[in-house]
Amino acid sequence: MAKVFEAADATNLMTELRRSFDAGVTRGYEWRVSQLKKLLVICDNHEPEIVSALHDDLGKPELESSVYEVALLRNSIKLALKQLKNWMAPDKAKTSLTTFPASAEIVSEPLGVVLVISAWNYPFLLSIDPVIGAISAGNAVVLKPSELAPSSSSLLAKLLEQYLDPSAVRVVEGAVTETTLLLEQKWDKIFYTGSSRIGRIIMMAAAKHLTPVVLELGGKSPVVIDSDTNLKITVKRIIAGKWGCNNGQACISPDYILTTKEYAPKVIDAMKQELEAFYGKNPMESKDMSRIVNSNHFDRLSKILEEKEVSDKIVYGGQKNRDNLKIAPTILLDVPLDSLIMSEEIFGPLLPILTLNNLEECFDVIRSRPKPLAAYLFTQNQKLKERFAMTVSAGGIVVNDIAVHLSLPTLPFGGVGESGMGSYHGKFSFDAFSHKKAVLYKSFIGDAAIRYPPYSRGKLRLLKALVNSNLVEVFKVLLGLS
Amino acid sequence: MTKLLEMNNHTLRFAAGGVYRTTRLNVASLALATSSPFQFSGGGGYCSIPSRLKLTCYATLSAVVKSQESTFDGKEAALLVDELRINFNTGRPKSYEWRISQLQNIAKMIDEKEKCITEALYQDLSKPELEAFLAELSNTKSSCMLAIKELKNWMAPETVKTSVTTFPSSAQIVSEPLGVVLIISAWNFPFLLSVEPVIGAISAGNAVVLKPSEIAPATSSLLAKLFSEYLDETAIRVVQGGVPETTALLDQKWDKIFFTGGARVGRIVMAAAAKHLTPVVLELGGKCPALVDSDVNLQVAARRIITGKWACNNGQACIGVDYVITTKDFAPKLIDALKTELKTFFGENPLKSKDLSRIVNSFHFKRLESMMKENGVANKIVHGGQTMEDKLKISPTILVDVPEGSSMMQEEIFGPLLPVITVSKIEDGFQVIQSRPKPLAAYLFTDNKELQNQFVQNVSAGGMSINETVLHVTLKDLPFGGVGESGIGAYHGKFSYETFSHKKGVLYRSFDGDSDLRYPPYTPEKKRVLKALLSSDIFGAILAFFGFSKES
């Protein structure tokens, strides 16, 4: 890597980008489109390099990389390119009697210079997707990719430098030191993806400058399985959403399962069967699963797995190999509620199942914990679906599937409570990086003296009548009757 | 906006643990300490305010209402939040019926207690009745009526389109209440800025604690009394107090904090919120400019500027005009017009006019006075400048070309002083505005369409009115909120509802049409089809299905 990033570098970077922004470089429709098109070229021309960087960092299977990172990004960019004119157009707003004659609109304006701090688990998607929003909205942007996915980080730096306008889009690589220096600057928005612990630090730093934040965090996302379900498909979808999504290292990954005591054995049997169909007899050998990102996380997962009264609850899997950072898909049954595995976000291939006397209890279990980024339910029961969607609080909800909601640009993606604040995807990304400016237009005609001092009794009565739409009273006042 | 809770530079410590220091100083003019109940009487209504309030003023700016009974500390704040959370979790505030009943009670309260509210506002600010009616009562009432009328629509889940990846499925965005929320309001529009956000919080189905400003004590205690009389105490509460009470409240975990006040305290609120990952709305202020071109209808422009300055709580409003920018040539004409209209509005002796609010307290009076008396500023007064300390009155005052470095041009004025800055040509005004922190509002007076367009495109502000002041905030279809130094988040109308809601994406899938494509083991074939599908290349998808490869 080149020279060290110092405080002066952060200041200079900010000065330069602010100059570009103030000069209007990023505001025009043409600039935004040109940058988005360049991002599309990156996706189209560099997919093999991206796939290989993701393989270096995470052992991510090619299909997962192509589908969940490159293809999703491509869709995001294409949507932005297609919709940008509409998104940028002011929204007409209704005016009222008070302001008559007038017109009003809501104008979206860029915030200025924004910072995107992304995560290591989907290092391309979680870096570029917010950048698409920032650029669409006409901002200058600095991206700080995660140092825990070093190959992706340096590839992002290389590609963005090669393709995008360096006067307004930059990548700063680094870890705590660099992030701290960046956070000392005054940004117009900070978009952070990561953990709630760092999220608090980010928001604290942002408060100094009154900078708004989007915090995309995580949490323990529950999966509720009703016995009235298509078990085979249910289980397949859970496996695809857990181990088939970066081996459980995803913020919307199923964290634990809630089902009834009677139904649990059936769920476990079906899981075992499908896991074997997906990953073979020896999943440690499978090429279709990511590895654990690094030895720190490997040790963390080992620790929560080996905890007393947890390790003896393993009903499937449990194999691990520190040399190649692999942990097999592991299912545990009824671990203690105060164990580490039930207190922390797991973020790995371990899946505890908690059993309930009746499914109703799931509502209390979920509500007693911090609000998760996602909550999932599998059932054919229409009433239960509706009740779940209406009463369970979570960033987002999927009924009868896992994680697919994030591929829908028509749904806002973001957390609530411990799982974050703010949202993005599709037009919500544009909105996340825009200020909605209220504009009222009036002319000089139709000026009514009624609102001006001196305030006579008559004016007050007339105004009250007008406001209450009491036309009889209006006429009485106007005619001088009391 | 103004100083709700001013304090020394202990900003973050205040947030972290409540270390604050105030120096006591007796200020006679505000010693409103009463031992007997003070009363408001009028026409049909009569209401009295409890006598336990004692008002003392501290040199560090803040006036603190002290309850003689018990002090509200961290423990009590924690108990309060626990209680409200339990009540919220029963699901009652979430129901449509509860929300509507509370909103109807607010409307009823405004109708029945109009007089009391007007009197309290007079007590706190000498606010003219018409201003109180228009800006506070009628505005709040219409927000409430709108919420009552639209609530069903707002609450209905919004169905959105799904895509081929998730086919077959349906998707909705469901609004859900956040939980237990805190609203900290300000003294300048103490009724509006308290009740309007409460309407949003209730509409969205939250439990809510309101902390009105201690600097408007009559309104604060009236709100406490009226809320307990009209609203459901199990989910809606008022906590009165100053810095210690607010600190105790801010230590709790809220699901949203909605703050109206100054940028300095805004930072404290946000830092306190960060500890609990609580989202915030910060409604702050800033120096709102009015740029006046020479092609205007002079009389109308002057009247509207006066209305947006002095007839808006005598300049003590976050969206009030802070300063005027115009060309050197036009300035004398504009100032003449302002003088003429000021005379029509407030008479020869504006200090005597009943149509102007007073300055809220002696701290702010002194602040404004010293701003006006600063070196290089005092000699720039071209109109007004009279003060009356015992009545806390300052007459409408116009100044021309005060130094850029003066505190008048560095701080938010928040009072009846109006500096006019002259530029050689009107376009130079843009630079003047852009060189400063983003204001809550920006105003432009011109008939020139091109200039209007440039202004809207290039000037960043919370909101703006063209050829008007302030009125954009009365439109319920427009979001009201700042940007940058003037705040975070927005409200009014449906935006209030949304501010206090979480927009939950919900996707429903069936078990039909499950495809093995996305499941391991990942074969090259699966990859080809998936990629084609995701890029909506239907032709590619069909080819892949039939076993052909485009690459081969």
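In chain A, strand 3 (residues 113-117) and strand 6 run parallel and are joined by four bridges; strands are DSSP runs of E with at least two residues, helices are runs of H or I with at least four, and both are numbered from the N terminus. Two strands count as paired if DSSP finds at least two bridges between them. A:Leu115 has A:Ile190 of strand 6 as its bridge partner. Strand 6 also pairs in the parallel sense with strand 7 (residues 213-216) of chain A, over four bridges, and here A:Ile190 is partnered by A:Val213.

This is a predicted model, in which local features need pLDDT of at least 70 and side-chain atom pairs pLDDT 80 or more, while totals for chains, interfaces and linings use all residues. Residues are numbered from 1 along each chain as its sequence is written, chains are lettered from A and ligands numbered from 1 in the order written, and side-chain values use heavy atoms, without hydrogens and water.

Strand 6 of chain A (residues 189-193) is mostly covered, with five of its five residues buried. Buried means under 20% relative accessible area, exposed over 50%, and partly exposed in between, with a 1.4 Å probe and protein chains only. A:Lys189, A:Phe191 and A:Thr193 point one way from the strand, and A:Ile190 and A:Tyr192 the other way.

Pairing also crosses between the chains: strand 18 (residues 434-442) of chain A and strand 20 (residues 463-466) of chain B run parallel, joined by four bridges. A:Leu440 stands opposite B:Ser465 there. Overall, 109 residues of chain B are in contact (heavy atoms within 4.5 Å) with 108 residues of chain A. The area buried between the chains is about 9000 Å², 62% of it from carbon and sulfur atoms; this is the accessible area (1.4 Å probe) lost on putting the two parts together, summed over both. In chain B, B:Leu277, B:Phe511 and B:Tyr522 lose the most area to chain A, together 10% of what that side buries.

The rule finds five salt bridges across this interface, each a side-chain nitrogen of Lys or Arg within 4 Å of a carboxyl oxygen of Asp or Glu. A:Asp401 and B:Arg509 meet in a salt bridge at 2.8 Å, N to O.

B:Leu277 lies in the loop between helix 9 (263-275) and strand 11 (280-283) of chain B. Its phi is positive, about 55°, although it is not a glycine. B:Leu277 counts as buried because its relative accessibility is 2%.
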